[in-house]
Amino acid sequence: MVTIVRKLALAGGFCVAAVAASAWVQRHSDAVISLNPDQTFQTMMGWEASTDLPDNPLAPPWAAYQAQLFETVVQEVGIDRLRLEVRSGAETSGDGPDRFLAGKMPYDTWRDERYKAENDNDDPFVINPDGFNFAELDWHVEHFVLPLRAALADEGRDLFINLCYVSFRDGQFFQMAPEEYAEFVLATYQHLDEKWGFVPDLWEVVLEPDLPKKGWTGAQMGAAMAATAKRLSDAGYAPAFAAPSVTNMAHALPYAQEILATPGAAEHWDELSYHRYRRASAKRVAKIADFAAENGLQPSMLEWWFGRADTDVLIEDLTVGMNASWQGRTLPGLVDSPDSPGSDLTLKEEVRFNSLYFKASPFGSIRIGVQSSAPRAYEPVAFQTPEGRSSVVVQANAVGNVTLTGITPGAYTLTRVGKTQKTTRSLTVGTDGEATVLMPFKGVFSITPVKLMHAAAKG
């Protein structure tokens, strides 16, 4: 019987095999996975990807398949949050950004100049509009924000925007003064508001402050946050911050403690952010989660690129780190370029698996309790979606049959992804709240409500 059912499953004959599979399930399950919606954890604040500025912005590598790119990252990957970036060098009266974007400045020259900044004037409380050049920021809005927002709108969803300040400069400079920093942030908000009609949902204070020599300290970041919160509030904007976004995970808590010790810094601090490039461990992830919980913050892993952020890392950040948001790649980096014009885009290897978690928990979903009788073979993560439905994703390290209980009754989609395989089919959960899944290969499977992607919208 087992052989017959597996052969039918691999051939896609699920309807034909339903009766046989049901009889086999009654006699044997390799694992039982039980959802517990009464046990709740973090609320998901978006699956993030970063914008990307190519060496030649006149001809981005993805230009030929741009529409397909944004449709794919929304519908197949589940991205609903974007890291938009603004460099310290936007405070300038020069035309360097315009010349680079127009192809009149070589990339090597731009790379050397992009973080250089000129003070707009000597008074941080008086913004000189001519002292700022937001051409690069506008390029990112046009090439990423607008098309991604449109692709999400087609699904009835909103885009969450995290705007990140980037300044890889060694040593101290004028924007590190709290009021000068606050002026820069306010000028950026006002520009976006006036030109594009939106402001960010979140401001990421400094990207990787521990990377430059003698760069930002936690105390300096805290002072900048306090000054910025007041300036934004006085101007009618709602401040919300992510920090410290360090490259070295061992630096996250020392930075966070300095920020927390700064008067006025924590009032609008929402996300305790970190990257995984150095000294990452489950122990440190847990300590960050504990510190965040003690201080009313949401942990977020907001960068580990180049394919290293695989499913094992994602599960650890979700379940041990209590992450509310997570980023593994730039947006164009989520897919491989098409083999030929008009051909389908393919997801990067780890994205094929991670996307099941992303699509199962769009913005506003709540992670809920779930237990597996065989956690080493079948490791589950479960959510309650914004419309109150169940979704569950299981990393399957073994071939076998899994029984799931505690699922909200209704229509679902079962998706199974292996190293080279992917199958999708409909699944109906009755009033008993049970479902059975035959996993014919190692990989990841998910059970998600039908039209889940259309039902989740920010706010």
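This is a predicted model: local features need pLDDT of at least 70, side-chain atom pairs count only at pLDDT 80 or more; totals for chains, interfaces and linings use all residues.
Figure 1. A search of the whole structure finds one cavity of 30 Å³ or more. The residues that line the largest cavity are Glu48, Ile79, Trp326, Gln327, Gly328, Arg329, Leu334, Glu350, Val351, Asn354 and Phe358. Strand S9 and helix H12 (349–360) are the elements that give two or more residues to this lining.

**Figure 2. The closed barrel of eight strands.** The strands of the barrel follow one another as S2-S3-S4-S5-S6-S7-S8-S9, and their pairing is parallel. From one strand to the next, the twist averages 25 degrees. Helix H6 (residues 135–153) packs on the sheet and touches strand S3 (81–87) and S4; the direction of H6 makes about 175 degrees with that of S3. Helix H11 (residues 311–319) lies across strand S2 (47–50), S7, strand S8 (298–301) and strand S9 (325–330). The angle at which H11 runs to S7 is about 150 degrees.

Figure 3. Strand S4 (residues 160–166) and S5 run parallel and are joined by three bridges. Asparagine 162 stands opposite leucine 202 in S5. Leaving aside its neighbours within four places in sequence, tryptophan 203 is in contact with Val86, Asn162, Leu163, Tyr165, Tyr181, Phe184, Val185, Thr188, Tyr189, Ala240, Phe241 and Ala242.

**Figure 4. The nonpolar cores.** The largest nonpolar core has 97 residues. Those with the most contacts inside this core are Leu69, Leu148, Trp203, Val205, Trp269, Leu331 and Tyr357. Helix H6 gives the most to the core, with nine residues. A second, separate core consists of 24 residues, including Ala31, Ala374, Ala377 and Ala396.

Figure 5. Alanine 243 and proline 244 are joined by a cis peptide bond, with omega about 5 degrees. Proline 244 is found in strand S6 (residues 241–248). Most peptide bonds are trans.

**Figure 6. Two loop residues with positive phi.** Most residues other than glycine have a negative phi. Lysine 214, although not a glycine, has a positive phi of about 50 degrees. Lysine 214 lies in the loop between strand S5 (202–204) and helix H8 (218–234). This lysine 214 is exposed, with a relative accessible area of 72%. For arginine 279, also a residue other than glycine, phi is positive and near 55 degrees. Arginine 279 is found in the loop between strand S7 (269–278) and helix H10 (282–294).

**Figure 7. The open sheet of nine strands.** The strands are ordered S17-S16-S19-S14-S13-S12-S1-S15-S18, and the pairing is mixed. Strand S17 (422–429) and strand S18 (435–439) are the edge strands, each of which pairs on one side only. The twist from one strand to the next averages 25 degrees. In a regular strand, side chains alternate between the two faces of the sheet.

Figure 8. Strand S1 (residues 31–43) and strand S12 (residues 366–372) run antiparallel and are joined by six bridges. Serine 34 stands opposite glutamine 371 in S12. S12 is also joined to strand S13 (residues 378–384) by three bridges, and S12 and S13 run antiparallel. Isoleucine 366 has glutamine 384 in S13 as its bridge partner. Together, S12 and S13 form a hairpin with five residues between them.

Figure 9. Five bridges connect strand S14 (residues 390–396) with strand S19 (residues 443–449), and the two strands run antiparallel. The bridge partner of valine 392 in S19 is isoleucine 447. Helix H11 lies across S1, S12, S13, S14 and S19, and runs at about 50 degrees to S13. Helix H12 packs on the sheet, where H12 touches S13, S14, strand S16 (410–418) and S19. The direction of H12 makes about 20 degrees with that of S19.

Technical notes: Residues are numbered from 1 along each chain as its sequence is written. Side-chain values use heavy atoms; hydrogens and water are left out. Two strands pair if DSSP finds at least two bridges between them. Helices (H or I, at least four residues) and strands (E, at least two) are DSSP runs, numbered from the N terminus. Buried means under 20% relative accessible area, exposed over 50%, partly exposed in between (1.4 Å probe, protein chains only). Axes are lines fitted to C-alpha atoms, for helices over the stretch in contact, and angles run from 0 to 180 degrees between N-to-C directions. Contact means heavy atoms within 4.5 Å. A nonpolar core is a set of buried Ala, Val, Leu, Ile, Met, Phe, Trp, Tyr and Cys residues joined through side-chain atoms within 4.5 Å. On a 1 Å grid over the protein atoms alone, a cavity is a set of points where a 1.4 Å probe fits but cannot get out, and a pocket is an open set with protein on both sides within 12 Å along at least five of seven lines; lining residues have an atom within 4 Å of a point. Grid points are joined across faces, edges and corners, and a volume is the space filled by probe spheres set on the points.
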